Amino acid sequence: MGNLYVALGAMLQRLDMDYVIPPPTSQRTLALGVRHSPEGLCIPFKLTLGNLIEAAELGADTWLMPAGYGICRLGYYAKTQEQILQDIGYGHVNVVGIGVSQDKLSGLLRTVKSLSNNASWLKIISAFRFGLSKMSAMDRLERLTQKVRAVELAKGTASALLVQGVKEIDHADDYRTLKKVEKDYAEQLGQVPVDEQIKPLVVGVIGEFYVVLEPFSSFDIESELGKLGVEVRRSTFISGWTKLSYLFNPFAAKEKDRIHRAAMPYLKRDVGGDGWESVGEKVLHAGSYDGIVHLAPFTCMPEIIARNIMPRTKEDIPVLTVLCDEQMAKTGLVTRLEAFVDLLARRRRRDYNR
Amino acid sequence: MEIYLGIDVGSVTTKLAALDSEDRLIGHVYLPTLGKPIEMVLTGLKEISKELPADAHVCGAGTTGSARYLAGVIVGADLVKNEITCHAVATMHSIPEARTIIEIGGQDSKIIIIEDGVVTDFGMNTVCAAGTGSFLDHQALRLGIDIKEFARLALESRTPVRIAGRCTVFGESDMIHKQQMGHRIEDILYGLCQALVRNYLNNVALGKKTELPIVFQGGVAFNQAIVKAFNDELKTEVIVPPHHEIMGAIGAALLAHEEMTDGNRDSQFTGFDAGGASYVTSSFECKACPNLCEIAQLALDGKVLARWGGRCDLWERVHPEGSP
């Protein structure tokens, strides 16, 4: 999922575990996942199953899969995928569901401990910390890229720098190198020639975390918006998503709380997945952003609930819901994005003239 | 004479519209695309030039529709715009008081909501074409009825049958079922119209604030039976503008005009007679990564003009002559 592999790789390496990183999510991953998944399941299931199969081809026998998060179907995914992998002939594989919700923290640490041949607690904690540092370094570069993309003179420069930066972060073996790489690329991104005259439209990307964080599942919607001269903001970052990281980053927990409170007048409880957060973010950002792009996997119940609540809130902001699915075509998506950005630009011009 | 040209290349039909400097419509063409967008654009250009005065000089050209990028390269468009914006612009120009636009074309259908002269919301059908013109075309073909006869017959219906319209596949089996039960053809046809309207309102227009007046445009608005079905369902009289079938092209022309007034530059338009040029389209599979994208390319006399279709920009960014 997105750049998560970089952080996980760093953790596993520090724990001296033998691990493989499957190839980047591609059309092949999708084809494999779709072939072996029930039709009605969501794109996150299909893509992660494809990732597992591609990892199995490289010899993996144990997988870590987030599970038990909220009350959406994701909780069953580890077990279901294990069953599918065994059915298609990968023998005695083991998909370990790791609980990522806060209350399961001890369980998660214990799972990791048992998988790592009983590494010391100190070693485990230090491995986690290093992985999380890589996450936050990548997130910082991503945030900068979102800003630069909208106004850069030569389209594509920032994205290329980000790809390079993530690669170097992946290779960084210690904190000193990591800090240096982060600083280096942040500076380079700051020096990309931009059009100072443009005040770009600001669009928030919200929705279900997997499709928000895995560019493949949304045809890299952030780059597409960047090409149209839009500055993307999102609050879902890998480092903020794992509730585990709240331990190291109390700000993330506070932000989540703020989002939930904003949703309260319209939705009073968790409806699974990220539905509650989607409603809250819409309400919260109605005054500050020009528009919102809401990403939801096709058949995702929590996001369907959110989608139907959003138009009814009194906080008004244009929302474009994009359903991510293996049937989605890039042309259709780009047409909608272009029209949406036109809408936002004309709306801003009208409000300005008033 | 100053001319602004709009070209709308849709999946089913190709439309061209020419406006003068006062944005009055002075010529238009409506052709079936027949899966040959390039040929139809070239034919359309030739045909529309016959309607224009001899001193016609194109000062701006815009393209829209699903083949807008392809058409844009061929005619040398000054502006390439998505069909949602184009439709909205054209409607606001001819019917300024419009608040809701229902547009149903061959393969897609949209709803556009307007407030204070600005589009505030829109919706478009997703993966399914059940609420579009091709649904009707297909069912008319099944019943062996000319699409032009369709409306006349449907309007004779007294007791329309209820047909499942959510999905063309179910709609079709339901329709056959009703046929075999001995329902009259008129009633089945009007039932289909109602199914399309229901499907549109339940899918495309779901959750949208439809304020009056409502404008109904696109090729399907030719069908008086659909107009009636909308009126019955919405309990209002929808407005079908004159030239409703070429609104996209008119919008592209209006936007091209706006674009050229803003900046001080000459039109890139390549002329009405590109008929002699030999455009060749081809496609290949990119092997740079496991995505194996299908890249389509357009070439003129052996020189590649443009490429599309990749998940990334690899082939779009490169110089057309060489490899990446």
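I looked up A:Asp16 and found it in the loop between helix 1 (4-14) and helix 2 of chain A. Helices here are DSSP runs of H or I with at least four residues, strands are runs of E with at least two, and both are numbered from the N terminus. The model is predicted, so I kept to its limits: local features need pLDDT of at least 70, side-chain atom pairs count only at pLDDT 80 or more, and totals for chains, interfaces and linings use all residues. Residues are numbered from 1 along each chain as its sequence is written, while chains are lettered from A and ligands numbered from 1 in the order in which they are written.

**Backbone entries**

I read phi of A:Asp16 as positive, about 55°, although the residue is not a glycine. Most residues other than glycine have a negative phi, and most peptide bonds are trans. A:Asp16 is exposed, with 11 other C-beta atoms within 10 Å. For this I counted C-beta atoms placed from the backbone: a residue is buried if 20 or more others lie within 10 Å of its own, exposed if 12 or fewer, and partly exposed in between.

A:Thr299 also went into the notebook, with a positive phi near 75° in a residue other than glycine. I placed A:Thr299 in the loop between strand 5 (291-297) and helix 14 (301-309) of chain A. Its count is 16 other C-beta atoms within 10 Å, which means that A:Thr299 is partly exposed.

In chain B I noted a cis peptide bond joining B:Leu212 and B:Pro213, with omega about -5°. B:Pro213 sits in the loop between helix 7 (185-202) and strand 9 (214-217) of chain B.

**A:Arg110**

I found A:Arg110 in helix 5 (residues 105-115) of chain A. From A:Arg110 to A:Ile124 I have 14 residues in sequence and 9.9 Å in space, C-alpha to C-alpha.

**Helices 3 and 4 of chain A**

Helix 3 (residues 43-57) and helix 4 (residues 74-87) of chain A pack at an angle of about 50°, and their axes are 11 Å apart. The axes are lines fitted to C-alpha atoms, for helices over the stretch in contact, and the angles run from 0 to 180 degrees between N-to-C directions. Helix 3 and helix 4 of chain A are therefore oblique to each other. I used these classes: under 35 degrees is roughly parallel, over 145 roughly antiparallel, 65 to 115 roughly perpendicular, and the rest oblique. The crossing of helix 3 and helix 4 of chain A is right-handed; a crossing has that hand if the near helix is turned clockwise from the far one by less than a right angle, and is left-handed if anticlockwise.

I listed A:Phe45, A:Leu49, A:Leu52 and A:Ala56 of helix 3 of chain A as meeting A:Tyr77, A:Gln81, A:Ile84 and A:Leu85 of helix 4 of chain A. Contact is taken as C-beta atoms, placed from the backbone, within 7 Å. By class, this contact of helix 3 with helix 4 of chain A has 7 nonpolar, 1 polar and no charged residues. Nonpolar covers Ala, Val, Leu, Ile, Met, Phe, Trp, Tyr, Cys and Pro, charged covers Asp, Glu, Lys and Arg, and the others, Gly among them, are polar.

**Helix 2 of chain B**

I counted 6 of the 8 residues of helix 2 (residues 68-75) of chain B as buried, so this helix is largely enclosed by the rest of the structure. The buried residues of helix 2 of chain B are B:Arg68, B:Leu70, B:Ala71, B:Gly72, B:Ile74 and B:Val75. Among the elements they pack against are strand 1 (2-9), helix 1 (37-51) and strand 4 (57-64) of chain B. B:Gly76 follows helix 2 of chain B, and its phi is positive, near 70°.

Helix 1 and helix 2 of chain B pack at about 50°, with axes 10 Å apart. That makes helix 1 of chain B oblique to helix 2 of chain B.

**Contact between the chains**

Chain A and chain B each put 21 residues into the contact. Helix 15 of chain A gives the most to the side of chain A that touches chain B, with 10 residues.

Conventions: Two residues are in contact if their C-beta atoms, placed from the backbone, lie within 7 Å.
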